[in-house]
Amino acid sequence: MKGGAIPLLVWGAFLAVLGGLNWIWTGDAIQVGTFGFAILVVIVGAGALVLLSRDALGRGAPEPRSDPEAVPDVSVGAVLAGLSVGSILFGLVFGTFFVYFGAGMLLASLGRLAFEVRSQRRSERSVEEVQP
């Protein structure tokens, strides 16, 4: 990924500035430790990206590739359905707002899943019609 470490480095620098201000403002060991850990995780993540690929610090568009790449199967509806079930279960313990929110999100995500399945079937039919 070309330039993938740059946003993490900027975010780490921003967290470092905010952590320094928080240290000056409160001086509380728990808050300073939490901010320090967050800064460390972000900077280590950026460093890992740089170690994996030197292009992580490069700017500009990636080099063109001619070999075909597989498109992953991802579904926004499935992710939202999972989050909504989690919200409903969380709401059963901590409050009814999360149950109502999760139920509404579940309805929306099931509608999105239906749209994705319909679109997938339509594209499969069009591919079958083109191929002999």
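Predicted model: local features only at pLDDT ≥ 70, side-chain atom pairs only at ≥ 80, totals over all residues.
Trainee: How many helices and strands does the chain have?

Mentor: The chain has 4 helices and 0 strands, and its pattern along the sequence reads α-α-α-α; helices (H or I, at least four residues) and strands (E, at least two) are DSSP runs, numbered from the N terminus.

Trainee: And what share of the residues is buried?

Mentor: Of the 132 residues in the chain, 17% are buried, where buried means under 20% relative accessible area, exposed means over 50%, and partly exposed lies in between (1.4 Å probe, protein chains only).

Trainee: Which phenylalanines form the aromatic cluster?

Mentor: One aromatic cluster is formed by Phe90, Phe94, Phe97, Phe98 and Phe101. Rings of Phe, Tyr and Trp (its six-membered ring) pair if their centres lie within 6.5 Å, and planes under 30 degrees apart count as stacked, over 60 as edge-to-face and the rest as tilted. The count by this rule is 5 aromatic pairs. In one of them, the rings of Phe90 and Phe98 have centres 5.0 Å apart and planes at 85 degrees, so the pair is edge-to-face.

Trainee: Why is the pair of Phe97 and Phe98 called edge-to-face?

Mentor: The planes of Phe97 and Phe98 stand at 70 degrees, with the ring centres 5.5 Å apart, so that pair is edge-to-face.

Trainee: Which residues form the nonpolar patch on the surface?

Mentor: The patch is formed by Val85, Leu89, Phe90, Leu92, Val93, Phe94, Phe97, Phe98 and Phe101, with about 960 Å² of accessible area together. Patches are made of residues with over 30% relative accessible area and no salt bridge, like charges being joined within 9 Å and nonpolar side chains (Val, Leu, Ile, Met, Phe, Trp, Tyr) within 5 Å, and accessible areas come from the Shrake-Rupley method with a 1.4 Å probe, only the protein chains shown counting as cover for residues.

Trainee: Which element gives the largest share of it?

Mentor: H3 gives the largest share, 6 residues. Ser87 also has its place in helix H3 (residues 76-94), but Ser87 counts as buried at 10% relative accessibility.

Trainee: Switching to charges, how many salt bridges are there?

Mentor: There is 1 salt bridge, defined as a side-chain nitrogen of Lys or Arg within 4 Å of a carboxyl oxygen of Asp or Glu. Arg112 forms it with Glu116, the closest N and O atoms being 3.2 Å apart, and these two residues, 4 residues apart in helix H4, are separated by about one helical turn.

Trainee: Where is Arg122, then?

Mentor: Arg122 is found in helix H4 (residues 96-130) and is partly exposed, with a relative accessible area of 45%. Together with Arg118, Arg121 and Arg125, Arg122 gathers in a patch of positive charge on the surface; Lys and Arg count as positive and Asp and Glu as negative, His and the chain ends not being counted, and the place of a charge is taken as NZ of Lys, CZ of Arg, CG of Asp or CD of Glu.

How values were computed:
Residues numbered from 1 in each chain as written. Heavy atoms only, no water.
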